[in-house]
Amino acid sequence: MSTLENSAKTITSNRDIHPLSLFFFYLFVILCPMFSLHPLLLSLSFVMGTIYVRVLFDRRTLMKSLLSFLPFALLLVLINGLTSHYGESILFFINGNRITLEALLRGFFMALALWAVLLWCLTFQKVLSRDKLIWLFSAWAPRLGLTISMVLHYLPNLRSRFQEVHDAELAMGHEGHSRMQKIRQSSIEFSTVLSWSLEIAIETGDSMDARGYALHHKTSYNRFHWNSRSLCFLILTLILGPLSLAGTIRLRSAIRFYPTFALSKAGPGMVFTVLVYFCLTALPLLSSSRQEKGPVEPGLLSNLTQAESQSTPSQLSDQIRRKPQKGGHQ
């Protein structure tokens, strides 16, 4: 898939949904895996989160996000197996402490829940931009909204800033040869990046205060408006979300790890909860698929592909949204 097609997909995916509708959607989607360790629910959340990440990002980003968390998942399973010695299925002993199958299974499902939540948070960062977050919290918690938006913005930039600082240090000849010198040089570079990020954060906060961001009884420009698509999305979220959360809380008693691993048989309540949660997680996929039906005409795509390397992403976005004029003058 070319860069142009990825850009077109990103533009059309959930761009017209109101930020409040998206906020409630992510609230229920992320809370459900946190309240239950049921395998069906966690697997469904993980699979749907993976699919949605693939829709919003390219395959490389998806594989990177999956593989980057794999060591932490294995570490979580190992820590739970070493610290929890409950369970009857003893695998082996380490220093007199028994390692049980039940403890490892609980650690695995805890890692799967955290993995699913992180995938949904990755899509949250893509769909709910900084301006949407600031608008959401500006009415009742403006400083909290500004803090959250700054954290979500600066964390991805830490790596690029660290690379800039590292390249500058190498250009000045500050390269450690021994292991201790490399550790000391890395600590200096990390301190520089941290000071740089904090300085930018302070400047951003002072700039927002100077503009009267946290003042009460102020008016501000609002470019987010309700439409039929946003209202339908919100209504379905408020119907499916509480049902999924209530069913998820009930599913906590359907699984038992200690003293033996036991999973209740699939009853009507379990099937209903899984189906409702599936419908909830499929809402953005169905919504984006409706928007992607013919968003760009084939002739425009072929013309834009030739100029793809000479245009910036913002210019491509304007060209995609602009319909081709037939028989008219430019």
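Author: Happy to! Let's look at one aromatic cluster, formed by Phe-25, Tyr-26, Tyr-52, Trp-120, Phe-124 and Phe-233. Keep in mind that this is a predicted model. The structure holds 15 aromatic pairs, and one of them joins Phe-25 to Trp-120 in an edge-to-face arrangement. Their ring centres lie 6.0 Å apart, with 75 degrees between the planes. Since Phe-25 belongs to helix α2 and Trp-120 to helix α5 (residues 101-127), this pair ties together parts that are 95 residues apart in sequence. Both Phe-25 and Trp-120 are buried.

Now follow the chain through helix α2, which covers residues 19-35. Its 17 residues reach 25 Å from the first C-alpha to the last, close to the expected 24 Å. Among the buried residues of α2 are two members of our cluster, Phe-25 and Tyr-26, and the buried set also includes Leu-22, Phe-28 and Val-29. Here is a handy rule: an α-helix has 3.6 residues a turn, so residues three or four places apart point the same way.

Another cluster member, Phe-233, is one of the buried residues of helix α9. That helix runs over residues 228-250, and its end C-alpha atoms are 33 Å apart, which agrees with the 33 Å that its 23 residues should span. Leu-234, Thr-237 and Leu-240 are also among the buried residues of α9.

To step back, the protein chain has 13 helices and 4 strands, and buried residues make up 38% of its 330 residues.

Definitions and conventions
Residues numbered from 1 in each chain as written. Predicted model: local features only at pLDDT ≥ 70, side-chain atom pairs only at ≥ 80, totals over all residues. Heavy atoms only, no water. Expected span 1.5 Å × (residues − 1). Buried < 20%, exposed > 50% of the residue type's maximum accessible area, 1.4 Å probe, protein only. Phe/Tyr/Trp six-rings, centres within 6.5 Å; stacked < 30°, edge-to-face > 60°.
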